[in-house]
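Okay, everyone, thanks for coming.

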Amino acid sequence: MPSQEELFDAVDALLEGEPRLPSPAERARLREAAGVTQARLAAALKSTPQTVKNWENGRSEPRPPRLQAYLRLLDGWAERYPAPAASESTPESASAPAAVPKSFTGPAAKPAAPATAAAPNPVVKTPVEAARPSVTSRRPVKKGAPLAAVDPRFPHGPLVVLDGDGSAYGVDGIVLDCPVSSVPELVEWTLKESGLGTPRLNRNGKDSDPLVVLTAAAAVKLGLPERLEGHEQRRSLRLEDDHPVVKQVAKAKWKLTKRGFGPWARVYRPAQAGQRQCVQLAVLSWDALDARSWPGVAGMEPAEVARVLGTYAARVITPRGSTATSGLELMTALRPPTRAVKNETTGEWESAYNPGSLGSEPMDPAPPEAPTEHPVAQGWAGGFLDEEAYQWVRDPQLLSDEECLLPYAVGLDLNTAFLAASARLVVGLSAPDHFHRPAFNKKIPGSWLVDLSHIELDPRLPSPFTPSGQRPEGPAWYQTHTVAYAQELGYDVAPIEAYLRRETGAYLDPWHDRLKTAYLDTLADLGVTADLDDRQFLAAMEHHKNVDPGMAAVLAAIKATVKGGIGKLRERPQGRHYRDGERWPALERPTWRPDIRAAVISKARVNMHRKMANTAKATGQYPLGVLSDCVVYASPGPSPLDFMPYTTSGKPLPGAFRLGTTPGLAKVEGVQEMAWAVDLMEKGLNPARHIKGGDAVTDEGE
């Protein structure tokens with residue numbers, strides 16, 4: 001049994017309580033009064049200047065043994081440099097006893113559970129807002145998306161960026177203390193102590209798993225290599241199965257997905273009692289953030305990386321791979337395949353199909369909708385759907401003398417053209433049915449075998465029926481929007497054959513709405529708002545990327561999410577060992593839907609042609625070249641205002657190109673000399689491909 005003296009010592013320790021530090025503002029005042037820099041203090045305490053800065057900003061608290069040493073130093077300074085009575089700081093315990101700390105230093109810092117039962121996902125004030133310190137950082141972290149309603153289960157947001165010193169940088173300037181030394185410990189900390197995660201985007205969906213992004217220093221500290229090399233393809237980058245970290249994960253009874261431990265690694269255990277146990281890891285030094293989708297982010301400071309990714313998570317989705325993967329995951333998160341339904345007979349809740357979704361089972365396309373290597377396409381000789389974006393250049397012999405004498409070539413780029421095309425787009429939700437000689441109906445999504453080769457259009461415009469812009473040579477397969485446009489132009493269509501879907505719906509509508517809002521909000525952060533007139537818009541777009549490089553990276557990621565997500569709907573097989581006719585992993589996804597991709601691209605291409613045709617009708621101007629969502633025109637001046645059509649009242653001509661922020665409206669892609677464009681066209685090259693950079697090109701570059 002313990003002695004009376006031991007018990008008294010234990011009771012005395014409880015009476016004394018935990019050592020109390022002065023407020024963050026007082027800590028900074030005392031250090032400055034002593035004439036000590038943050039760097040010098042950090043060196044004395046064997047820490048880092050950033051950690052000291054966090055202590056003085058209230059973003060984190062020191063832990064033993066530094067806590068006792070820091071407290072002793074502050075007590076000594078307090079005796080030498082007492083605060084004036086009028087501005088004397090009080091201990092934090094006296095200022096807001098019920099506030100949740102802004103930082104997280106252990107289990108005791110978790111917010112208390114609600115006293116009474118509440119509805120799912122109650123709206124609460126964020127812990128950050130509840131504990132806002134009385135002083136702000138001298139170098140405050142820039143804000144990203146505002147934190148509105150926060151789920152109390154995830155008080156610290158969707159993600160953190162872990163640095164080598166154990167500091168985990170989160171959203172809104174939060175810095176958590178993450179005292180781990182291995183990947184299994186990190187996973188346990190994330191799930192049990194971090195307070196990270198994101199509530200579901202749809203009531204029938206699932207909460208997003210927490211994301212931990214590792215800097216190079218953090219990766220090395222956890223036993224991972226700083227760089228991951230030695231593989232032929234980036235997508236196959238992964239640790240070998242016998243790597244010590246992979247063994248640690250297995251020994252701790254955690255699992256890795258089939259992709260293994262790569263730049264984006266998912267560590268999980270099978271769900272128990274409906275509760276997921278999964279953490280997403282991303283390693284910055286392994287190129288987890290592709291520079292094309294996240295320009296400059298990998299080289300930013302951890303706090304800025306957290307701001308950028310946190311803004312994307314708040315506006316789009318918590319990243320869980322490439323932007324293409326995130327775009328596809330967003331579709332499922334907004335349109336979950338199943339929902340809970342109560343069985344009227346048993347009274348039990350069961351999983352059932354969620355109307356409007358793509359369901360939970362993969363679906364094979366019709367033969368003409370499949371890529372040639374797909375199993376259903378083997379032996380098929382009836383032709384294939386070729387709904388792709390424009391790659392067209394006008395025959396230089398069709399250039400007029402007046403056009404050649406104009407001084408400039410100006411490129412217009414349509415904002416997120418594929419996103420604009422997905423708005424109110426009706427797609428098939430069920431398997432295709434085969435029809436012979438059906439009557440065309442523009443309201444039914446599907447693929448139609450039609451002969452459009454008889455349609456004669458102005459050769460100064462690309463054909464709307466082929467991605468090359470060349471006139472069709474005979475019957476071919478088209479998506480519904482392409483055939484409907486032929487009708488719109490006044491021509492009769494007589495389908496020979498069709499694969500149509502009976503169940504339909506606007507599957508992509510919530511995806512479009514969320515990404516459109518994210519795009520517009522991020523542009524507004526960069527000073528480009530919807531209330532600007534055309535001249536102000538052009539001026540703002542010239543410098544918007546320099547306003548805030550972090551938000552410019554978010555904008556680039558949103559655009560990459562759109563294009564990549566649509567592309568993933570028809571993901572092709574990977575690897576040199578693949579043989580035609582074999583199934584590949586992407587085919588097992590309900591979201592592998594090449595027909596939906598074809599519908600988006602068809603509508604986008606038709607939209608582009610309609611604008612070009614309306615512009616030509618109103619002004620007599622024809623494009624020099626088109627590449628996907630970029631079109632180039634000859635211009636008397638270096639601005640699109642010099643050639644774009646406007647009404648007599650000064651408003652943009654309805655149906656033609658318009659400048660603006662909304663998806664589908666235009667911005668400047670680039671400006672070059674007209675002689676440069678003519679030279680490219682005479683070589684058979686497309687000025688729309690190079691208008692942005694104006695670089696010298698060769699035939700191989702095309």
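Let's start with a pair of strands: β6, residues 264–272, and β7, residues 275–283, run antiparallel and are joined by 7 bridges. Within that pair, R269 sits opposite Q277 in β7. A quick word on names: helices (H or I, at least four residues) and strands (E, at least two) are DSSP runs, numbered from the N terminus. Two strands pair if DSSP finds at least two bridges between them.

Before I go on, this is a predicted model, where local features need pLDDT of at least 70 and side-chain atom pairs count only at pLDDT 80 or more, while totals for chains, interfaces and linings use all residues. Residues are numbered from 1 along each chain as its sequence is written, and side-chain values use heavy atoms, with hydrogens and water left out.

Now the sheet around that pair. It's an open one of 7 strands, in the order β3-β2-β1-β4-β7-β6-β5, with mixed pairing. At the edges you find β3 (175–177) and β5 (255–256); each has a single partner strand, so one side of each has no neighbour in the sheet. Helix α11, residues 302–315, lies across β1, β2 and β4, at about 160 degrees to β1. Contact here means heavy atoms within 4.5 Å. Angles run from 0 to 180 degrees between N-to-C directions, with axes fitted to C-alpha atoms, for helices over the stretch in contact.

On to another sheet. This one is open too, with 4 strands in the order β13-β16-β14-β15, and its pairing is antiparallel. Helix α15, residues 480–488, lies across β14 and β15, at about 105 degrees to β15.

Last stop, cavities. A cavity is a set of points, on a 1 Å grid over the protein atoms alone, where a 1.4 Å probe fits but cannot get out; lining residues have an atom within 4 Å of a point. There are 4 cavities of 30 Å³ or more. Of its 14 lining residues, the closest to the centre are P445, G446, Q479, D595 and A599. And α19 gives the most to that lining, with 4 residues.

Key:
1 Å grid on protein atoms, 1.4 Å probe; cavity = no way out; pocket = protein on both sides within 12 Å on 5 of 7 lines; lining within 4 Å. Points joined across faces, edges and corners; volume = space filled by probe spheres on them.
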